[in-house]
Amino acid sequence: MSKPVVLLAEQLSPATIEALGPDFDVRTVDGTDRDALFGALSEANAVLIRSATKMDEEALSHAPNLKVIARAGVGLDNVDIKAATQAGVMVVNAPTSNIISAAELTCGHIISLARSIPAANASLAAGEWKRNSFTGTELFEKTLGVIGLGRIGALVTERMQAFGMRVVAYDPYVTVARAQQLGVELVSLEELVAQVDFLTIHMPRTPETTGMISTEQLKAMKPTAYVVNVARGGLIDEAALAAALEAGEIAGAGIDVFTQEPPVDATLTGQPSAVVTPHLGASTVEAQEKAGVSVARSVKLALEGDLVPDAVNVAGGVIDPFVRPGIDLVEKLGQVFSGISRSALTSLEIDVRGELADYDVSVYKLAALKGILTGTVSEKVSYVNAPVLAEQRGIDTRLTVEKDSPEFRNLTTLTGTLADGTVLSVAGTLAGTRMVQKLVGINGYELDAPLADHHLVILYRDRPGVVAVYAEQFGENGINIDGLQVSRGGDDEALSVVTVDKRVPESVVDAIGSAIDARVIRQIELIEA
């Protein structure tokens, strides 16, 4: 079998390739060359990128086999997450890979501003000796304002407190208890900008946060204050900041990120009181290696059919090892469900019982939808786009969890209401120490049938000799019966689940149905998850 193709669209660390291991066909392409990228994507199962390669809807249209986009870094501005989700492509990043590097760069900007290090260096390099031009300020007992007390904001806080700085913060999502743990006073944004000597912002860029530091906030600051942005371009209004610097309304700025990169003009880069760097937040050997290794591991998981906890467009979260074996079972139950039903699904309930009730089994909703939709829609279905496809089709999905399970240690039941008003249910369990996948119920008929690749589900009027009739049909057509379960129900009906060694020709299925006057006969072929 050919190896899955992993495409490296930008230069990544040798440790990234090493982390992928020998099980992949690793290829390289210049991701900024769109024509070359499109050609290389045609066979790619995964693509690893940094910030220069744009994985938009057009690029995705050239990638019919793509399963995962891996961004070796934090930001995903160059990935169309909505288009990827619609296409069933998992998007992963390395959310913690650069937090130390970004925090340290922030601290570097603060120190550089306080002591005019870049300007002094440039002056001396030009042959000048102007000590009196570069009188700085101590950080000791100055006030640092941190907007956003997430991981990076907390690291900056910890490091700058070591300089004896007082820290105030604005973050509407952080509790007072958490702020107290960090030794930080929570204040409003208006209070923060009015009292700080240094301001640093660590927020995601959203419509709400774009331009959150603008003319009003800058005018409220001390003329001796400095602002720093190493997070996302656009959080600080660049035109307003340039105007404030030119007017002397603030003392200076440290900027690593810009609304457009590289900047199209010198609005900020030409400001003598600004320290500017070309988006270096993640540009350390350590951060690049962490990012590459992290996403390489995620790619391996994704291409092995596993769910990735860090995937940004999969609602699954961290999966407990005890929950994991049931994912494949639930997906196969979904395939059995769709194989039996002959009408569109309008609502679905996934009921999980037994020992699994002590765990987060939300991933089972994804597995059930993936199994059901795989056999009923034309699109490629994955854990990523299954909820989207279900929503588009008006399928209302609900997950319930219950500890009580009198007969099984674990039991998962899919119950669906179909468009014709009928209700269909299938149930399964993982049995024994080997966790054998078993089908244990269909519409109330009790079974004990190990799941295999090929089954026939037959509902008929219960009477002697029926099994002999279809067994004879199988024998005449060279089909072995690997297993047989018969369950009797009310109204003189019986349901058989026949496990066979290969696909049964439709002509044989029809002949069996006619011979025994079957009320329902369905062939179920399970696709390996």
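Predicted model: local features only at pLDDT ≥ 70, side-chain atom pairs only at ≥ 80, totals over all residues.

## Helices α5 and α7

Helix α5 (residues 99-115) and helix α7 (residues 151-161) cross at roughly 50 degrees, and their axes come within 9 Å. The two helices are therefore oblique to each other. The crossing of α5 and α7 is right-handed.

On the α5 side, the contact is made by Ile99, Ile100, Ala102, Ala103, Glu104, Thr106, Cys107 and Ile110. Helix α7 contributes Arg151, Ile152, Leu155, Val156, Arg159 and Met160. By class, the residues of the contact between α5 and α7 are 10 nonpolar, one polar and three charged.

## The parallel pair β1 and β2

Strand β1 (residues 5-8) and strand β2 (residues 25-28) run parallel and are joined by four bridges. Within this pair, Val6 stands opposite Val26 in β2.

## The six-stranded sheet

Six strands form an open sheet with mixed pairing, in the order β14-β13-β15-β16-β17-β18. The edges are β14 (396-402) and β18 (445-450); each has a single partner strand, so one side of each is left without a neighbour in the sheet. On average, and with direction ignored, neighbouring strands of this sheet are turned by 20 degrees against each other.

Which strands does helix α13 touch? Helix α13 (residues 325-340) packs on the sheet and touches β13, β15 (410-418), β16 (423-431) and β17 (436-442). The direction of α13 makes about 150 degrees with that of β16. Helix α14 (residues 363-374) lies across β13, β14 and β15, and runs at about 135 degrees to β13.

Helices α13 and α14 also meet each other: their axes come within 7 Å and cross at roughly 35 degrees. The crossing of α13 and α14 is right-handed. From α13, the contact takes in Gly326, Ile327, Val330, Glu331, Gly334, Gln335, Phe337 and Ser338. From α14, the residues are Val363, Tyr364, Ala367, Ala368, Lys370, Gly371 and Ile372. This contact of α13 with α14 divides into eight nonpolar, five polar and two charged residues.

## Helices α16 and α17

Helix α16 (residues 466-476) packs against helix α17 (residues 506-516) at an angle of about 155 degrees, and the axes are 10 Å apart. That angle makes α16 roughly antiparallel to α17. The crossing of α16 and α17 is right-handed.

Val466, Val469, Tyr470, Gln473 and Phe474 of α16 make the contact with Ala511, Ile512, Ala515 and Ile516 of α17. The residues of this contact are eight nonpolar and one polar, with no charged residue.

Technical notes
Residues numbered from 1 in each chain as written. Heavy atoms only, no water. Axes fitted to C-alpha atoms, helices over the stretch in contact; angles between N-to-C directions. Parallel < 35°, antiparallel > 145°, perpendicular 65-115°, else oblique. Left-handed = near helix turned anticlockwise from the far one by under 90°. Contact = heavy atoms within 4.5 Å. Nonpolar A, V, L, I, M, F, W, Y, C, P; charged D, E, K, R; others polar. Pairing = 2+ DSSP bridges.
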